[in-house]
Amino acid sequence: MMHEPQTLVPATETKMTARDVKVFYGEKQAIKGVSIDVDMDNVTAFIGPSGCGKSTFLRTLNRMNDTVASARVEGTITLDGEDIYAPSMDVVQLRARVGMVFQKPNPFPKSIYENIAYGPRIHGLAHGKADLDVIVEKSLRRAGLWDEVKDRLHDSGTALSGGQQQRLCIGRAIAVEPEVILMDEPCSALDPIATAKIEELIHELRGRYAIVIVTHNMQQAARVSQRTAFFHLGELVEYGVTSDIFTNPRQERTKDYITGRYG
Amino acid sequence: MAEHTIKAFDEEIDKLRGLIAEMGGRAEAAIENAMLALQRQDKSLAAEVVADDKRIDAIEAEVEKLVVQIIALRAPMANDLRDVIAALKIVSVVERIGDYAKNIAKRVPSIAANQRTLEPVSLLPSMGQVAGEMVHDALNAFAARDADLALAVIERDTVVDDFYNSVFRTLVTYMVENPKTISECAHLLFIAKNIERIGDHATNVAEMVHYAATGVTPPERERGGSAPQEV
């Protein structure tokens with residue numbers, strides 16, 4: 001299949017770039033030459049049907065695919081111009097700079113406080129208890145959770161509601177001062193109110209971190225992102241300004257998908 | 001175009017298009033019959049046009065309700081969204097077109113009372129025909145998602161404008177020469193103005209159709225005609 005033209009949107013500051021990225025799981029090619037720029041000031045949403053490669057591609061951005069034995073990545077991905085697949089790249093450090101929030105909230109089976117404090121402590125970002133206290137409060141505030149948990153910081157993180165747990169996970173990602181936050185369907189296990197809170201949080205975090213979100217919910221992509229990329233069968237079919245994608249997509253496949261005519 | 005995975009969505013869109021086609025057909029017939037009533041000085045046909053306008057108004061209300069329902073329940077995107085928004089805007093314009101036709105029909109009795117044939121009246125049916133065809137084609141373009149046909153409608157508006165200028169000059173000349181004709185000529189002038197407005201509205205519909213079909217607003221064009229030159 002011909003690789004169709006993509007609209008690369010000029011950004012004020014490009015945080016990550018991918019060029020001709022291909023991902024293979026054994027013999028099977030999951031990503032077929034994707035090039036995209038993720039910019040600092042905009043939330044980028046990846047949409048597409050199940051199996052289109054959007055999550056796989058998201059995971060290449062902080063080398064989460066390294067943990068899959070059969071996975072092989074080709075092409076170039078850079079963070080601030082630095083090749084993240086270069087041998088010199090410290091993967092642990094990379095994953096601190098490019099944080100990730102998953103579909104199902106997965107707090108550590110520890111206290112709320114420890115969930116946040118763990119990362120900064122192992123990354124040596126805090127010197128002493130007072131420092132950690134500051135980081136925990138700041139991270140929980142940025143994650144929009146502080147007021148709800150400040151009086152029970154030593155309760156278990158897993159005792160929180162689903163939406164609170166997900167905000168705790170976002171707070172945990174924020175605590176290590178990342179530059180990019182990847183979110184893989186962060187609201188798919190949440191009710192509409194909890195979803196709205198996460199979406200509002202994404203809006204508040206925008207600009208401070210480069211944010212990429214994978215979502216099955218097109219209305220969510222429309223609500224939270226400024227740039228939308230549509231993936232289909234391992235290809236990036238179209239990438240553009242969100243309002244253009246949802247009112248006037250250039251590609252027939254994008255149109256069929258977002259109008260509910262796919263398949 | 002491929003069907004929606006959710007069949008009920010397709011049915012609603014089809015219903016919407018059907019209503020607009022009916023409304024367009026009725027507006028077109030209203031223009032035609034109003035002009036015919038004027039030509040033949042047929043008061044009962046004129047009264048029919050006035051009565052039939054109620055159905056046009058009812059369809060407008062029905063479409064508005066359906067569009068609100070589709071937006072609320074289906075969250076339409078891309079061309080679907082452009083279609084339903086265009087539908088909503090088109091019906092309010094077609095409703096106005098119906099009103100202009102009704103207004104023309106309402107003037108028929110006043111003109112018929114004078115039992116006189118005026119030369120300008122002979123120009124009006126042709127003018128009305130062009131405007132009626134514009135309405136017809138604009139709505140056909142919507143049904144067929146035909147941007148080229150929409151552009152052709154937009155182009156044709158100058159024909160109606162030229163007719164209007166010509167009728168305006170003729171009527172003013174009549175009134176200057178024979179003040180006894182002033183009352184009828186004033187009615188005829190309003191009729192010409194109404195047809196000219198119908199042309200403008202058909203143009204607006206065509207612009208919306210172009211946007212719905214392509215996602216792009218047609219290029220701005222010179223708006224002529226609404227203020228005729230000095231006689």
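A cavity, on a 1 Å grid over the protein atoms alone, is a set of points where a 1.4 Å probe fits but cannot get out. This structure holds 1 cavity of 30 Å³ or more.

Some ground rules. This is a predicted model, in which local features need pLDDT of at least 70, side-chain atom pairs count only at pLDDT 80 or more, and totals for chains, interfaces and linings use all residues. Residues are numbered from 1 along each chain as its sequence is written, chains are lettered from A and ligands numbered from 1 in the order in which they are written, and side-chain values use heavy atoms, with hydrogens and water left out.

The largest cavity has about 50 Å³ of space, where volume is the space filled by probe spheres set on the points. Its lining (residues with an atom within 4 Å of a point) consists of A:L125, A:I135, A:K138, A:S139, A:I174, A:A175 and A:E177. By class that is 4 nonpolar, 1 polar and 2 charged. Helices here are DSSP runs of H or I, at least four residues. α4 (129–142) and α6 (162–175) of chain A each supply at least two lining residues, and α4(A) gives the largest share, 3 residues.

Now chain B. Helix α5 (residues 147–177) and helix α6 (residues 182–214) of chain B have axes that come within 9 Å and cross at roughly 170°. α5(B) is therefore roughly antiparallel to α6(B) (angles over 145 degrees). The crossing is left-handed: the near helix is turned anticlockwise from the far one by less than a right angle. Residues of the α5(B)–α6(B) contact divide into 23 nonpolar, 4 polar and 6 charged.

Note on methods: Axes are lines fitted to C-alpha atoms, for helices over the stretch in contact, and angles run from 0 to 180 degrees between N-to-C directions. Angles under 35 degrees count as roughly parallel, over 145 as roughly antiparallel, 65 to 115 as roughly perpendicular and the rest as oblique. Ala, Val, Leu, Ile, Met, Phe, Trp, Tyr, Cys and Pro count as nonpolar, Asp, Glu, Lys and Arg as charged, and the others, Gly among them, as polar. On a 1 Å grid over the protein atoms alone, a cavity is a set of points where a 1.4 Å probe fits but cannot get out, and a pocket is an open set with protein on both sides within 12 Å along at least five of seven lines; lining residues have an atom within 4 Å of a point.
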